[in-house]
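Dear colleague,

Please find the structure below, handed over for your review. My findings follow directly after it.

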Amino acid sequence: MTTMSSTAVRARKGGGRRRRRSWIGWAFVAPFFLTFAFVTVAPLAYTLYLSLFQEKMLGGTAFVGLGNYVQQLTDPVFWDALGRVSIYLVIFVPVMLALSLIAALAIDSARLHFPRVFRLAIFLPYAVPGVVAALLWGYMYGTQFGLVGNIEDLLGVALPDPLSSNLVLISIGNIMVWLTMGYNMLVFYSALRVVPAELYEAAELDGAGAFRVVRAIKLPAIRPALAVTLVFSVIGAFQLFNEPNILRTLAPNVITSHFTPNMYAYNLSFAGQQYNASAAVAITMGVITMVVAYVIQRVASRKA
Amino acid sequence: MTTHRRWRIGARKVALTAAAGLALTALLGGCASSTPGSTSAAPSVSEADIENALDQETTITIWTWATTLTGIIEAFEKEHPKITVDVVNVGTGAAHYTKLENALKAGSGAPDLATVEYSVLPQFALGGNLVDLNTFGYGDLEDQFTPSVWNSTNLDGGLYELPHNAGPMALFYNKTVFDQFGIEVPTTWAEYAAAAKKIHEADPTVYLAADNGDAGFTTSMLWAAGSKPFETTGTSDVTIDLSDEGAKKFTDFYSPLLEDGLLAPTAGFSNEWYQGLASGKIASLATGAWMAGSLKSGVPTGAGQWRVAPLPTYEAGEKASAMNGGGGYAMLNQSPEQNQLVAAAFLKYMETGPGVQLSIDAGQFPATVADLQSQAFLDKPNDYFGGQDINKVFAESAENVVPGWQYLPYQSYANSVFGDTAGQAYIGHTSLEDGLKAWGDQLVTFGNEQGFTAK
C-alpha cells in the first residue's frame with residue numbers, strides 16, 4: 001500500500017519535474033561528454049572514416065568501402081603479426097603474472113627480511129620508461145660487443161644470440177616481464193593487505209599451514225585483482241610496440257616492419273603513407289582486443 | 001651523448017638522402033641537365049622584395065637534426081638584426097619526416113625550412129608541398145654546384161633545394177688494425193673480400209666491416225657497381241630491376257661475405273657499433289664523406305689511427321664511386337610569404353654565401369664547385385686522420401660518381417621494408433640475390449597500389 005502510493009506520487013510529479021531535471025543533468029555531465037566526444041569518440045570516428053577510403057600518392061583519394069579491411073584480412077602479413085603477439089601473450093602473460101603473484105605472496109608472508117626493500121626493488125623497473133628499458137636491454141643483448149658478447153669473451157663460451165629469429169620473442173618477453181612485474185606485484189600486494197587479520201587468526205586456530213592459508217584465503221582474495229591484471233596484460237600484449245620497435249634498429253632483419261600488429265599499422269602509416277590501410281588495421285585490432293578482453297572478463301567473473 | 005648519437009644517425013640519413021637525391025637527380029637528369037631549371041621558370045620575386053623583407057621583424061623556423069647551423073645563423077642574424085632564425089629538432093631521419101608529413105597532411109604547423117635529404121626529396125616534391133626555388137631566380141646558381149648534386153635537387157623542372165652537402169663514398173680504415181694483421185689497403189672488391197677473410201680468420205672477434213642490412217649502404221653499393229635498379233620516366237612510370245648486371249656484380253662479391261659470416265652483424269650507429277669501432281673490432285667503413293666528422297666525434301679515441309682510401313672498385317684501375325647521403329633545406333608551401341622571402345635570403349646566404357665556409361668549418365662536405373677545387377680545401381690536413389689530406393680523396397670520389405643513378409619516388413618506404421625482404425639474406429633465410437628480388441617485387445606492388453605504373 002505504501003509502496004503503491006509512493007509510486008503514484010512519483011508518477012504524478014514525474015512529468016514536469018523529469019524534463020527540468022534532465023536538462024540540469026545534461027549540464028552537469030556536459031563537460032564529461034564533450035571531453036569524451038572529442039578525446040574518445042572523434043578519433044575513433046575519424047579512424048573509421050579514414051579506413052573506408054584509399055589515398056594514393058598519384059591519383060588522389062577514392063571511397064573503397066570495406067576494401068581496406070578485405071585487403072588486410074586476406075594479407076598473410078597481418079595474420080603473421082597477430083599470430084606472433086598471440087604466442088607472446090599465451091607464454092608471457094601467465095609467466096609474468098605468476099612471478100608477480102609469487103613476489104607479492106613472498107613479501108606479504110612476513111618471512112622476508114626488509115620486505116620494503118624487495119617491494120621497491122621489484123617495483124623499480126616499472127618506473128623506467130619502456131623506451132629506455134628497451135634501449136638498455138638492447139645494449140645488453142649485443143653478442144658482438146655488448147654485455148652478452150663480454151660474457152662470452154670472459155667465460156670463453158658461445159652464447160646464443162638473444163636477437164636471433166628463434167629467441168627474439170623471448171628476449172622481448174623478458175623485457176616486458178622485467179618492466180611490468182613490479183606493477184602487478186603491487187596490485188596483488190594491495191589486494192592481500194585488505195584481507196582482515198581475523199581470517200588469518202581463524203585459520204591459525206584451525207591449524208592451517210602456510211600453503212593452506214595461501215590457497216584458502218590469499219588466492220581467493222586476489223582473484224578480482226587477478227582478473228583486472230589479466231585483462232590489462234592481454235591488452236598490453238596486443239599493443240606490443242615499444243620494445244620490438246626499438247630493438248628493430250639492432251636487428252632490422254629479424255624484427256620485420258610487421259612484427260606486431262601495432263608496428264604494422266605504424267609502418268603502414270608513417271613509412272608507406274598508407275594511412276587508410278593503417279586505420280583499417282587499427283580498427284580490426286581494436287575489435288579483436290575488445291572481444292578477447294571481454295571473453296577473459298566473462299570467464300574470470302564466472303569462476304569468481 | 002644522445003645528441004651525438006642522434007646527429008650521427010642523422011648524418012648517415014643525410015648521407016642516404018643525399019644519395020637518394022643524387023639518384024633522383026640522375027633520374028631527372030635528362031631534363032634537368034639539358035634544360036636547367038634556372039631558365040625554365042622566370043623569377044616572380046625580385047631581389048628588392050627580398051631586401052625589403054629582411055628589414056621587417058621576422059622569425060623563421062627550421063626543422064633539422066643537424067647541429068651545424070649555429071654559426072651560420074649567428075652570422076646571418078648579425079647581418080640582418082631584425083631577423084630571428086629558430087632551429088627546432090623534431091627528431092632524426094624517419095622521425096623527422098614523420099612529423100613533417102603529419103604537419104603537411106594537417107595543413108598547418110610546418111616550419112619555413114626543413115632538412116630534406118636528396119633521397120626523399122622526390123617524395124616531398126611529388127606531394128606538391130615544396131616551394132620551387134626558381135621563384136626566387138635561384139636556378140641561376142647552378143654553376144656554383146657540382147652537377148651530380150645539383151641534379152638531385154632539380155625535379156621535373158622544379159628546383160626544390162639548394163644543395164647543402166654531399167656524401168661521396170670512400171673507404172675509412174683503421175690503419176693500426178690493418179698493420180697489426182698485415183692487411184694491405186684493398187683497391188678492388190676482390191681484395192676487400194680477401195682482407196675480410198684474412199682478418200676474421202686471424203682473430204674471430206675482429207671484422208673488416210659491419211653490416212646487418214642497411215638499405216642506404218646497399219643502394220650506394222649498387223650505384224657504385226653500375227646498377228640502375230630504379231628508373232622513373234615522367235612522373236608515374238617506374239621500372240624496378242634489382243637483378244641487372246651491376247646488381248649481379250655486387251651480389252657475387254657480397255654474398256660470400258654474408259654466407260661465411262665475415263661481416264659483424266652489428267647495426268650501424270648503435271652503441272655496440274661504436275664500441276666495435278673504438279676497440280678496433282670493426283676495422284673499416286665504406287661510406288660517405290660525412291663520416292669523417294662522425295668518426296671524430298663518435299670515436300674520439302681513434303684519433304691518429306684512421307685513414308681514408310678511395311672506394312674499392314670491381315676492376316683494378318676502374319673509376320667508379322657513388323654518393324651516400326647528403327641533402328639540403330627545402331622550403332614548405334605552408335610558410336607565409338614574408339617568411340618565404342626571408343627563408344630564401346637565408347638559403348642563399350647559407351649555401352652560396354659566407355655560410356658555405358662556416359658549414360665546412362663545422363665538418364660538412366661541400367657541394368660547391370669553388371670549394372671542391374680550392375687548394376686550401378683540398379690540402380687541408382686532418383689531424384684525426386693522422387694529418388692526411390682526406391678532402392682530396394673525397395673530391396676525387398665525387399668526380400668518379402657513376403652517372404645515371406635514380407632513387408625511387410617512394411624511397412623512404414622502400415628503405416623501411418628492406419629488412420623484411422633483402423634483409424632476410426643477412427640472417428641466412430635467403431640468398432642476397434633472391435632477397436633483393438623480393439625487395440623489388442614488394443616495391444612494384446607498392447608502386448602500383450599508389451597509382452604509379454610500376455614493373
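In strand β2 of chain B, B:Val87 is the bridge partner of B:Ile62. The two strands involved, β1 (residues 58–63) and β2 (residues 83–88) of chain B, pair in the parallel sense over six bridges; pairing requires at least two DSSP bridges, and strands (E, at least two residues) and helices (H or I, at least four) are DSSP runs numbered from the N terminus. From β1(B) the chain crosses through helix α4 (residues 70–79) to β2(B) in a right-handed β-α-β crossover, that is, clockwise from the first strand over the helix to the second with the strands pointing away from the viewer.

This is a predicted model, in which local features need pLDDT of at least 70 and side-chain atom pairs count only at pLDDT 80 or more, while totals for chains, interfaces and linings use all residues. Residues are numbered from 1 along each chain as written, chains are lettered from A and ligands numbered from 1 in the order written, and side-chain values use heavy atoms, without hydrogens and water.

Turning to the interface, 29 residues of chain A and 41 residues of chain B are in contact (heavy atoms within 4.5 Å). The buried area is about 2900 Å², with 51% from carbon and sulfur atoms; the term denotes accessible area (1.4 Å probe) lost on putting the two parts together, summed over both. A:Met57, A:Phe145 and A:Asn253 supply 28% of what chain A buries against chain B.

One salt bridge is counted between the chains (a Lys or Arg side-chain nitrogen within 4 Å of an Asp or Glu carboxyl oxygen). A:Glu55 forms a salt bridge with B:Lys105, their closest N and O atoms lying 2.9 Å apart.

Kind regards
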